[in-house]
Amino acid sequence: VVTNFLLSALAPKPKGGSANSANSLTNQMSTVTPRELIYGVVRKGGLVSYMESNGDDNNMLHMAIVVAAHPCDAIVDYYIDDKIVALDANGFVTGTTWNSKIKIIPCLGDGNTAARDAMIAAGCSIDTNFKGTGLTWLYIQAKFDREIFRQGLPTFTVKIRGKKVYD
C-alpha cells in the first residue's frame, strides 16, 4: 500500500484536466452515452449518431455528430485533425488540404433544418422525421479521395459557445 502511494505521488500528472477531457477531442460511436451539457466556451468532439455512404462506389460519407444535448449559442471554430478550418458560404471546407472534399453544416438546436435538408438533398436515407430537436449537431459530408484520406477519416471537433445563461 505504501509503495503504491509513493509511486502514484512520484508519477507525472497528466496535462489537460480529468480523464474524461482526453475523450472530449474525439468522436465516439455508442448507443448509450450521457447527455453532455456545455457552459462557456469549450473545444470538443461528439457522438456520431448517424453514418451512411452513397454515391458512385459509395464515395460520399455522411455523418451526424451530436456535440451537445441542448441548443448552443454559437460554433466559434471548426477543427479537422486539430487544425482550424474555414468554411465557405455553402459549408465546404476551404484551404489546400480539405478544399471542397468536406462539407460541414451546423445545427445549433434552434429549429433550423438546413443540416437535415442538406442530408436529404445529398440522398441520405432519412426524411423530414429526422429532426435532432433541441440538440446541437453537425452534418458532415466527406467525398472520398485516396490521397487526402490515406490515414482514414479525420477527427472533427469544434470550439463551441455553450448554453445561453441568463441572470
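Me: OK, helices (H or I, at least four residues) and strands (E, at least two) are DSSP runs, numbered from the N terminus. Which strand is methionine 51 in?

Reply: Strand S2, which covers residues 47–54. This is a predicted model, where local features need pLDDT of at least 70, side-chain atom pairs need 80 or more, and totals for chains, interfaces and linings use all residues. Residues are numbered from 1 along each chain as its sequence is written, and side-chain values use heavy atoms, leaving out hydrogens and water.

Me: Is methionine 51 buried, exposed or partly exposed?

Reply: Partly exposed, because its relative accessible area is 39% (buried is under 20%, exposed over 50%, partly exposed in between, with a 1.4 Å probe and protein chains only).

Me: New topic: how many aromatic pairs are there?

Reply: The whole structure has four. One of them is tryptophan 98 with phenylalanine 149: the ring centres are 5.9 Å apart and the planes sit at 40 degrees, so it's tilted. (Rings of Phe, Tyr and Trp, using its six-membered ring, pair with centres within 6.5 Å; under 30 degrees is stacked, over 60 edge-to-face, the rest tilted.)

Me: Where are those two in the chain?

Reply: In distant parts, 51 residues apart. Tryptophan 98 is in the loop between strands S5 (83–85) and S6 (102–107), and phenylalanine 149 is in the loop between S7 (136–143) and S8 (156–161). Both residues are buried.

Me: What about phenylalanine 130 and tryptophan 137?

Reply: They make an edge-to-face pair, 5.7 Å centre to centre with 80 degrees between the planes. Phenylalanine 130 is partly exposed at 23% relative accessibility, while tryptophan 137 is buried at 3%. Together with Tyr50, they form one aromatic cluster.
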